[in-house]
Amino acid sequence: MGSGSPETAAAAVTALLLVAALVGVASAGDIVHQDDDAPKIPGCSNDFMLVKVQTWVNNREADEFVGVGARFGPIIESKEKHANRTGLLLADPFDCCAPLKEKVAGEVLLVQRGDCKFTTKTKNAEAAGASAIIIMNNLHELYKMVCDQNETELDINIPAVLLPKDAGTILQGLLSLGKVSVQLYSPDRPLVDTAEVFLWLMAVGTILGASYWSAWSAREAVIEQEKLLKDGHESLVNREAGGSSGMVDITMTSAMLFIVVASLFLVMLYKLMSHWFVELLVVIFCIGGVEGLQTCLVALLSRWFKPAAGSFVKVPFFGAVSYLTLAVCPFCIVFAVLWAVYRRMHYAWIGQDVLGIALIVTVIQIVRIPNLKVGSVLLGCSFLYDIFWVFISKMLFHESVMIVVARGDKTDEDGVPMLLKIPRMFDPWGGYSIIGFGDILLPGLLVAFALRYDWAAKKTLQSGYFLWSMVAYGSGLLITYVALNLMDGHGQPALLYIVPFTLGTFISLGKKRGELRNLWTKGQPPRVCTHEQQHLIDPASTVSSS
């Protein structure tokens, strides 16, 4: 509980390993799907697209459902204003596997999944005069409607849409209420949504604030150390015997082991993903969020409540805790519990982002990269890890493990909590733009190192490394969102773009300025202690010549 305590530092290291398992997710949700397992053939070459099915009952707007379009048939209209509103009828026979008993006059047919091919159903519906066909799946999930390899000369001219079982059942029930009409369309996503702009600002702002806090803490530690040196050797010994400052330096070993630990944790999430396991992740996230939030609040409020921040009381299992921490901690616990209880509400993303940002800022303030060598290994491993689990894992698991885990596909949750997310406000499909904690935290460790070095070396903003590292991070994240939109919302490994920008900029500047060796090995500018410097002054130089 105490800010800067060894317990807090240990918790921060644990949090680093946990959140890093979702290091490479930047996503907006897919509405266009390409599937190499279902190859395109002439007459059956559409991309799989999500389709909105808007309904009206007796000319009054009713429910809206989401289905998926077929590989065959015409492309479904993308503009709502251009899509026709057409009456809905039940097919007879219901599975539409045989020619219909009666002709229809351009209505949309609702049919059952049945045992025949999707193309057979659609051909029978088209022959009966239907303008489209909506198929009710016999499962709760969507299924891709493809063609057989031998169906090389398909000529289907009406669209087909598949609905999940629950949506199809509701739609069938609407027919008993009166005259039902439907409208089928597949709107395009906007090129840029404001959610991505705010998410970019949130990520950059988090690193900016965390870096300044980390550099300020390092400066305060140096000032305190210099005071102890001036007071004499005995005070220094007492200081060293009193314990550590609570800060944790990442070692080369831990940096190299990162990719192994994070991969094992990610696979565990993927294999064990279920309702109870998500609940466990929520508990872990709340614990980390409470620790992060109370650390940030205590640091902010201590300027105005110095007596409470400087007075301590012993608490079992936690040691010495300030009165300010005791006052703030209940608020943090209540905040996290309220988020956990109401996390499925549409506004719960605000609480999740507050807890997440507080956790990231606290970890960056406590966990530190000691030099550029360790930072390069850490980010290099993260770079490979990101690419492997977003792209290459498809070859082993037939789906992107990281994206599946991030979206919570195997649960009824809207993704796991180790993400920052903002609702896509101007997207007709809704959903969230998300970014993994690691896409902020890991580059943030390098940026914070840059600012600490600049302050220690007394560099200006332009001549230092921090400004250019921040520009590089912002540019890399911006390129990530450009790639995200070019890929129609398919999740992207953000560190694929961020690491070359940030690390490449840092190394290039260091080499150009002749400081790369010092940055790589020591991570601190060369300096002489003030008490040693006094002994180096030549006594004779103080005697004036007569």
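**Notebook: Arg344 and other residues looked up**

I looked up Arg344 and noted it as partly exposed, because its relative accessibility is 49%. Buried means under 20% relative accessible area, exposed over 50%, and partly exposed in between, with a 1.4 Å probe and protein chains only. The model is a predicted one: local features need pLDDT of at least 70, side-chain atom pairs count only at pLDDT 80 or more, and totals for chains, interfaces and linings use all residues. Residues are numbered from 1 along each chain as its sequence is written, and side-chain values use heavy atoms, with hydrogens and water left out.

I searched the whole structure for salt bridges and found eight. A salt bridge here is a side-chain nitrogen of Lys or Arg within 4 Å of a carboxyl oxygen of Asp or Glu. Side chains of opposite charge can pair when their charged atoms come close.

Which side chain meets Arg344 in a salt bridge? I found Glu279, at 3.9 Å from N to O. This pair links distant parts of the chain: Glu279 is in helix α7, Arg344 is in the loop between α9 and α10, and they are 65 residues apart. Helices are DSSP runs of H or I with at least four residues, strands are runs of E with at least two, and both are numbered from the N terminus.

I then noted that Glu279 also forms a salt bridge with Arg343, where the closest N and O atoms are 2.7 Å apart. Is Arg343 buried or exposed? I wrote down buried, because its relative accessibility is 14%. Glu279 has a relative accessible area of 28%, so I listed Glu279 as partly exposed.

**Entry: Arg424 and Asp427**

I looked up Asp427 and found its side chain in a salt bridge with that of Arg424 (2.7 Å, N to O). Salt bridges that share partners join Glu196, Arg424 and Asp427 into one network. Asp427 counts as buried because its relative accessibility is 6%. Arg424 is at 3%, so Arg424 counts as buried.

**Entry: the nonpolar patch**

I noted a nonpolar surface patch of about 880 Å², whose residues include Ile333, Val337, Tyr342, Met345 and Ile350. The elements that give two or more residues to this patch are α9 (323-341) and α10 (349-366). Which element gives the most? It is α9, with five residues. I checked Ile333, which is in helix α9. Ile333 counts as partly exposed because its relative accessibility is 41%.

**Entry: strand β8**

I looked at β8 (residues 160-163) and found both faces covered: Ala160 and Leu162 on one side and Val161 and Leu163 on the other are all buried. β4 (residues 60-69) pairs with β8 in the antiparallel sense over two bridges. Val68 stands opposite Leu162. β7 (residues 132-136) runs parallel to β8, and four bridges join them. Met136 stands opposite Leu163. Two strands pair if DSSP finds at least two bridges between them.

**Entry: Ser382**

I found Ser382 in helix α11 (residues 372-397). Ser382 counts as buried because its relative accessibility is 0%. What does Ser382 touch, not counting residues up to four places away in sequence? I listed Phe258, Leu442 and Leu495, with contact meaning heavy atoms within 4.5 Å.

How values were computed
Patch = residues over 30% accessible without salt bridge, like charges linked within 9 Å, V, L, I, M, F, W, Y side chains within 5 Å. Areas by Shrake-Rupley, 256 points an atom, 1.4 Å probe, with all protein chains shown as cover.
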